[in-house]
Amino acid sequence: MTDITPKTRLEGQRGHATRTRPWLDIVERYRAVESFAPMLRFVESVAASPASTQLFVATSMFDLLVSDSPDFRTGDSTLCISYRPSDGTFHFRHRSYSGHDDEKSCTESEALETFRLFVRLKFGVLYEK
């Protein structure tokens, strides 16, 4: 995604370079963590969709990092999705180089719809469940 807003962050604050992995590798990563079954269901759904070919993914500990670019830094138009087993919620946070960040917390039943809205608005990718 091309960010046309003025850059307010310094180059050194962009975050670290991220190595993306295939969606199926990410599915296997979450399959191994029993308490993250909702995140596994979420990732399996996205991986099975046609939109997965336009979205690139990595993990940071247990967070899912999504971008429309195969080579990205964690602060460059990155959607970070975390699942909190303690309260059963998903937290979506879009970070952009311009500093115009957005976030939303939701239940598992709302996670795919929230994802659909974020990737359409931030990356121009149509995700249909």
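**Strands, helices and core**

Mentor: Phe92 has Lys104 in strand 7 as its bridge partner. This is a predicted model, in which local features need pLDDT of at least 70, side-chain atom pairs count only at pLDDT 80 or more, and totals for chains, interfaces and linings use all residues. Residues are numbered from 1 along each chain as its sequence is written, and side-chain values use heavy atoms, with hydrogens and water left out.

Trainee: How many bridges join strand 6 to strand 7?

Mentor: Two strands pair if DSSP finds at least two bridges between them. Here strand 6 and strand 7 run antiparallel and are joined by six bridges. Their hairpin has six residues between the strands, and in it Gly99 takes a positive phi near 90°.

Trainee: What elements does the chain contain, and in what order do they run?

Mentor: Helices (H or I, at least four residues) and strands (E, at least two) are DSSP runs, numbered from the N terminus. The chain has three helices and seven strands, running β-α-α-β-β-β-β-β-β-α from the N terminus on.

Trainee: In what order do the strands of the open sheet stand?

Mentor: Five strands form an open sheet with the order 2-3-5-6-7 and antiparallel pairing. Strand 2 and strand 7 (102-107) are the edges; each has a single partner strand, so one side of each lacks a neighbour in the sheet. On average, neighbouring strands of this sheet are turned by 20° against each other, direction ignored.

Trainee: What joins strand 2 to strand 3?

Mentor: Strand 2 and strand 3 run antiparallel and are joined by five bridges. Two pairs may be read off directly: Phe56 has Ser67 in strand 3 as its bridge partner, and Val57 stands opposite Val66 in strand 3. The hairpin of these strands has two residues between them. Met61, in the loop between strand 2 and strand 3, has a positive phi of about 55° although it is not a glycine.

Trainee: Is Met61 buried or exposed?

Mentor: Buried means under 20% relative accessible area, exposed over 50%, and partly exposed in between (1.4 Å probe, protein chains only). Met61 has 64% relative accessibility and therefore counts as exposed. Ile26, by contrast, is buried, with a relative accessible area of 0%. Over the chain, buried residues make up 45% of the 129 residues.

Trainee: Which residues of helix 1 are buried?

Mentor: Helix 1 (residues 23-31) buries Trp23, Ile26, Val27 and Tyr30. Seen down the helix axis, the buried residues of helix 1 fall within an arc of 105°, so they line one face of the helix; the arc is that of the directions from the helix axis to the C-beta atoms. Their cover includes helix 2 (37-47), strand 2 (56-60) and strand 3 (63-67).

Trainee: How are the helices placed against the strands?

Mentor: Axes are lines fitted to C-alpha atoms, for helices over the stretch in contact, and angles run from 0 to 180 degrees between N-to-C directions. Helix 1 lies across strand 2 and strand 3, at about 30° to strand 2. Helix 3 lies across strand 3, strand 5, strand 6 and strand 7, at about 160° to strand 7.

Trainee: Which residues of the largest nonpolar core touch the most other members?

Mentor: In soluble globular proteins, nonpolar side chains tend to be buried together. A nonpolar core is a set of buried Ala, Val, Leu, Ile, Met, Phe, Trp, Tyr and Cys residues joined through side-chain atoms within 4.5 Å. In the largest one, of 30 residues, Met39, Phe42, Leu64, Val66, Ile81, Phe92 and Phe115 touch the most other members. Helix 1, helix 2, strand 3, strand 5 (78-84), strand 6 (89-95) and helix 3 (108-123) each supply at least two residues of this core, and helix 2 gives the most, with six residues. Beyond four places in sequence, the contacts of Val66 include Trp23, Val57, Ile81 and Phe115.

Conventions:
Contact means heavy atoms within 4.5 Å.
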